[in-house]
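Biologist: Please take a close look at one part of this chain for me. I would like the annotated region first, then how it sits in the rest.

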Amino acid sequence: MSSLPVDAIRSLADQHPKPSHIHFQYGTAGFRTKGEILDSVMFRVGILAGLRSKKLDGKTIGVMVTASHNPEPDNGVKLVDPRGEMLETSWEAHATALANAKNTDEFLAALDTFATTLKIDLSKPAKVVYARDTRPSGPALVAALEDGIAAIGAEGRDAGITTTPVLHYLVRAINTKGTKDEYGEDSEEGYLRKLSAAFKKLVAGKSVIPPLVVDCANGVGAKVANELAEYLGDKLRLIPVNTSTTTPGALNNACGADFVKTQQKLPSLPIELKPGQRACSLDGDADRLIYYYLDDRGQFHMLDGDKIAALSAAFIGELTKAAGLDSKIRVGIVQTAYANGGSTKYLSERLPVKCVPTGVKHLHHAAEKFDVGVYFEANGHGTVLFSPQSQEILSTYQPSTPAQSTALNHLINFAEVINQTVGDALSDMLMVETVLAHKSYSGEEWDSLYVDLPNRLVKVVVADRNVFKTEDAERRLINPPGIQAKIDDLVHRYEGGRAFVRPSGTEDVVRVYAEATVRTQADELAYRVAGLVYDETGGDPAHRPIEFL
Ligand SMILES: CC(=O)N[C@H]1[C@@H](OP(=O)(O)O)O[C@H](CO)[C@@H](O)[C@@H]1O
Ligand SMILES: [Mg+2]
């Protein structure tokens, strides 16, 4: 075993000092905070990515520089494991520890202990592929990352400016190159070719699809959506809007998937939507997707992650049946507690549904347990996973009728159009468009699969959110004691009532979610529970938000 290249690390580490008095944390979304304080984190993540690659025998590790739907001055970074998945959970704590070493000496000592404890063979090669979104702080942060990659002696590949899902795709494509599981060509063009080719096969012979407005949140999705539009041609005419990636302050401002989902209204659009016209929004790094349309009365209707899950899971279920594979391939759905009760009812009447704690990694892992696992967060992040066994079945199955053969081909192409590494707004969009084309559904018909229960999400600022502990996939509070019983009492007073309280993993708040059959009741329940949480955990009466009941 060779040792750490201490001199190389030391000289470069001194150029990327950690700001004092700041504690960094690798959370659900990696490191995420103001871009201007992330320089040292980037350098250290470069080294960490190199070490992760060495630990995994030189497999390529991905690094994505983005802060997704956050405001423009924010930035962030997350690591991607060799199959295109999120970083293994146990390494999150290592990332946090290394990011917080006070100075170069402490950092070197921490690295040494880390490499020894994890038995990392430092003589192994290391490869890292990285990309960034369009944020102004990106170039300098990537330069710091490159210093880290160089310091540990890893080979870096710059994938330039692209979306988070493209980076995840690249990682998997690079690591499967030349194997029987080859995921696709390891380039953005390869990604676009793969998705568009599968989509064209899926909609061949279907009637002309009306053009689709795509709100790109003035982010990196604009670049890839414009390229995808070229590949799709008139098979699906995309109208990318909010594509001003260089206009200061435009990113995620009054547009994008997060805005639409949280505000439950239209984003600002440069064109007027006609009644019934479908439109969708991506978030700032294009891994979330929300659809919507205006009805004849001009009223806004949102088709969120739950509606996407319902549409696609039902369709995959129908295809497996039509192919004669329903006894061999079990389709299941994974949701979180934030899934609308209307969707859970609709889906569980048709397919197995599992509820897991918030956060993509929980959903992804649970979905892997099904033969075909469909997972979506209500906020529009999700994908469909085909297990290796079901991929094998699809490639070897001998259909006995032409109808079975058609359904089988659709399933095979469906698995290709979907980015199975991570939630991918553009890939999910092609999946949705496929189902709509096959079913001849308008947005309105899709919307009518089930009725969303009115709901309300409220943030409560508390002294210490860490005292909040939950069970049953975050649907029940076990600490602070006594609060859950009071929530239950309140919920029982509302028709169709459901509410839960959990600490956020990304913001220093506690979130309250409530739904009920009637809008006013959902709001009332949410604000009552919020008031209860505030009062029970010693909230200052002088600062109690007025909407709390
Ligand atoms: C209610 C909600 O939308 N929560 C989001 C949010 O998590 P919180 O732990 O609720 O802050 O950010 C996560 C990361 O982006 C996302 O996975 C999750 O769905
Ligand atoms: Mg995102």
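Modeller: This is a predicted model. UniProt, in an unreviewed entry, annotates "domain: Alpha-D-phosphohexomutase alpha/beta/alpha" at residues 60-100 and 108-178. Take the two spans in turn. Residues 60-100 are 24% helix and 32% strand. The end C-alpha atoms of residues 60-100 are 25 Å apart. Residues 108-178 are 52% helix and 18% strand. Here the end C-alpha atoms are 37 Å apart.

Now the helix pair. Helix 3 covers residues 90-99, and helix 4 covers residues 104-117. Their axes lie 9 Å apart, and the packing angle is about 155°. An angle over 145 degrees counts as roughly antiparallel. Helix 3 and helix 4 are therefore roughly antiparallel to each other. Which residues in helix 3 and helix 4 meet? Helix 3 brings His-94, Ala-97 and Leu-98. Helix 4 answers with Phe-107, Ala-110, Leu-111 and Phe-114. Six residues of this contact are nonpolar, one is polar and none is charged.

Next, the setting. Five residues of domain 1 are in contact with six residues of domain 3. On the domain 1 side, one of the touching residues is nonpolar, three are polar and one is charged.

Then the ligand. Domain 3 and domain 4 both give residues to the shell around ligand 1, so ligand 1 lies between them. The shell has 13 residues. Glu-377, Asn-379, Ser-504, Gly-505 and Thr-506 come nearest. By type, the shell holds three nonpolar, seven polar and three charged residues.

An unreviewed entry lists "domain: Phosphoacetylglucosamine mutase AMG1" at residues 206-289 and 304-441. Residues 206-289 are 23% helix and 15% strand, with end C-alpha atoms 24 Å apart. Residues 304-441 are 54% helix and 13% strand, and there the end C-alpha atoms lie 16 Å apart. UniProt also lists "domain: Alpha-D-phosphohexomutase C-terminal", again in an unreviewed entry, at residues 479-530. That span is 42% helix and 25% strand, and its end C-alpha atoms lie 15 Å apart.

A cis peptide bond joins Asn-479 and Pro-480, with omega about -5°. Pro-480 sits in the loop between strand 17 (476-479) and helix 17 (483-492). Ala-254 has a positive phi, near 55°, and is not a glycine. Ala-254 lies in the loop between strand 7 (238-241) and helix 9 (257-263). Why point these out? Most residues other than glycine have a negative phi, and most peptide bonds are trans.

Methods. Residues numbered from 1 in each chain as written. Chains lettered and ligands numbered in written order. Predicted model: local features only at pLDDT ≥ 70, side-chain atom pairs only at ≥ 80, totals over all residues. Axes fitted to C-alpha atoms, helices over the stretch in contact; angles between N-to-C directions. Helix = DSSP H or I, 4+ residues; strand = E, 2+ residues; numbered from the N terminus. Parallel < 35°, antiparallel > 145°, perpendicular 65-115°, else oblique. Contact = placed C-beta atoms within 7 Å. Nonpolar A, V, L, I, M, F, W, Y, C, P; charged D, E, K, R; others polar. Near = placed C-beta within 6 Å. Domains from an automatic or database assignment. UniProt positions renumbered as here; feature names shortened; annotations may be inferred.
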